[in-house]
Amino acid sequence: MSTPLAEVPIRPLALGDLASCAELATDRGWPPDERKWRLLLTAGTGYGIDDPSGTGLAGVCVVTRYGTPGTGRAGELSVIGMMLVAARHERQGLGQRLMRHVMQEAGNAPLALYATRFGQPLYERLGFVVTGQNVKVRGRLLPPPPQDGLSPEGITVRTATADDLPAIVRLDTEVFGVDRTLMVTRFPAFAEQLRVAVDGSDVIGYAATWASTDADVIGPLIARDTPTAKALIASLASSTDRPLRTDIDACHEGLLAWLKEHGLDVVVTGAVMVHGTDGLPCDRSRRFAPLTMATL
């Protein structure tokens, strides 16, 4: 006789759960993206509820912690992502159980997440508030590729090297507002492409693409200004024949308009929500897109 679902404990996930995580994503119509799950389970902490039938997972979520634990509002942030409940177990309170568990595990650290329209009511009941909007776009970029290292915007963009990593980490910390070194230093191995925009010897922006099932995902995207963000996107697009997908902060209306004018369509808009803080600690004027919706 199987254990009732409500009595199955929440447990930490390990790399051995990768296949089950991918299967659960597919069950909910998400790309399986095992490489992304591997990144999240090594850079963050996954939590899961086993299906009482013994067939995979009934629900999961991942928490990525940034900054120095114990430093409080100004020094740390926990990001909740990949909240998934198997279709056969929806509306049984699993999402709320997982959320309450990770909130308790986070202690006093501020929390952030991206919310779908289906999940937003639950997060609001748990005390999360909307602090912004995110716009997912997808398509093939139309602008011509860069030539001789210069983008169509006249900005120098090149492939990042190992020597650029310290500058990328410094820029990311400055823009994001908390230290994400443990995540950022994984980008070279995770990404298909990693590019930097430079002004003389200064790195003024960086961006990466990683391969999802249906598209190359652009993220993260950090840039000094909108022209620099456009230059980085154009450079990345010039090296792939796959569709592009990215999540742009809705405050960047100029970049969104440019993307739509050049072949990308809006797929969905969702809320950015926080708990225990008034908003994300980042410089939104330079933070254009996250690595993934699970990491901000």
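A residue counts as buried when its relative accessible area is under 20%. Keep that cut-off in mind while we walk through this model, which is a predicted one.

Where does serine 212 sit? You'll find it in the loop between strand E9 (202-211) and strand E10 (216-223). Setting aside neighbours within four places in sequence, serine 212 is in contact with Pro31, Asp33, Val217, Arg242 and Arg245. Aspartate 214 belongs to the loop between E9 and E10 too, but at 31% relative accessibility it counts as partly exposed. With neighbours within four places again left out, aspartate 214 is in contact with Pro31, Arg138, Arg242, Pro243 and Arg245. Take Arg242 from that list: it is 28 residues from aspartate 214 along the chain, and their C-alpha atoms are separated by 8.2 Å.

Asp33, one of the contacts of serine 212, deserves a look of its own. Aspartate 33 is in the loop between helix H1 (18-27) and helix H2 (34-43). Its phi is near 40°, a positive value in a residue other than glycine. At 7% relative accessibility, aspartate 33 counts as buried.

Leucine 296 has a positive phi as well, near 60°, and again this is a residue other than glycine. Look for leucine 296 in the segment after strand E13 (287-289). With a relative accessibility of 1%, leucine 296 counts as buried.

From there, step over to leucine 291, which has Leu296 among its contacts. Beyond its neighbours within four places in sequence, leucine 291 also touches Leu39, Met183, Phe187, Phe190, Trp210, Val217, Gly219 and Pro220. Two of those names, Gly219 and Pro220, are joined by a cis peptide bond, with omega at about 0°. Proline 220 lies in strand E10.

In soluble globular proteins, nonpolar side chains tend to be buried together. Here the largest nonpolar core has 32 residues, and those with the most contacts inside it are Ile168, Val196, Tyr206 and Leu291. Helix H5 (residues 165-176) provides the largest share of this core, six residues. Apart from it lies another core, of 27 residues, including Ile204, Ala207, Ala223 and Ala231.

Aspartate 247 is in strand E11 (residues 244-249), and it counts as buried at 7% relative accessibility. What does the side chain of aspartate 247 join through polar contacts? One partner is the side chain of asparagine 134, at 3.2 Å, and another is the side chain of lysine 136, at 2.9 Å. Leaving out neighbours within four places in sequence, the contacts of aspartate 247 also include Val135, Phe288, Ala289, Pro290 and Met293.

Threonine 64 is the other one, in strand E3 (residues 57-67). It is buried, with a relative accessible area of 1%. Not counting residues up to four places away in sequence, threonine 64 touches Leu40, Ala43, Gly44, Leu77, Ser78, Val79, Met183, Ala294 and Thr295. Leucine 15, by contrast, is 49 residues from threonine 64 along the chain, and 15 Å separates their C-alpha atoms.

How much volume does the largest pocket have? About 1600 Å³. It is lined by 49 residues, of which Trp30, Met83, Leu84, Thr116 and Phe118 are the closest to its centre. Several elements give two or more residues to this lining, among them helix H3 (94-106), strand E6 (129-139), E11 and strand E12 (264-275). The largest share, six residues, comes from E4. By class, the lining of the largest pocket has 23 nonpolar, 14 polar and 12 charged residues.

The second largest pocket holds about 260 Å³ of space. Of its 17 lining residues, Arg65, Tyr66, Gly67, Asp179 and Leu182 are the closest to the centre. E3, E4, H3 and helix H6 (181-184) each supply at least two residues of this lining, and E3 gives the most, with four. Its lining residues divide into eight nonpolar, four polar and five charged.

How values were computed: Residues numbered from 1 in each chain as written. Predicted model: local features only at pLDDT ≥ 70, side-chain atom pairs only at ≥ 80, totals over all residues. Heavy atoms only, no water. Core = buried A, V, L, I, M, F, W, Y, C linked by side-chain atoms within 4.5 Å. Buried < 20%, exposed > 50% of the residue type's maximum accessible area, 1.4 Å probe, protein only. Contact = heavy atoms within 4.5 Å. Polar contact = N/O pair within 3.5 Å; in protein donor to acceptor, adjacent residues only side chain to side chain. 1 Å grid on protein atoms, 1.4 Å probe; cavity = no way out; pocket = protein on both sides within 12 Å on 5 of 7 lines; lining within 4 Å. Points joined across faces, edges and corners; volume = space filled by probe spheres on them. Nonpolar A, V, L, I, M, F, W, Y, C, P; charged D, E, K, R; others polar.
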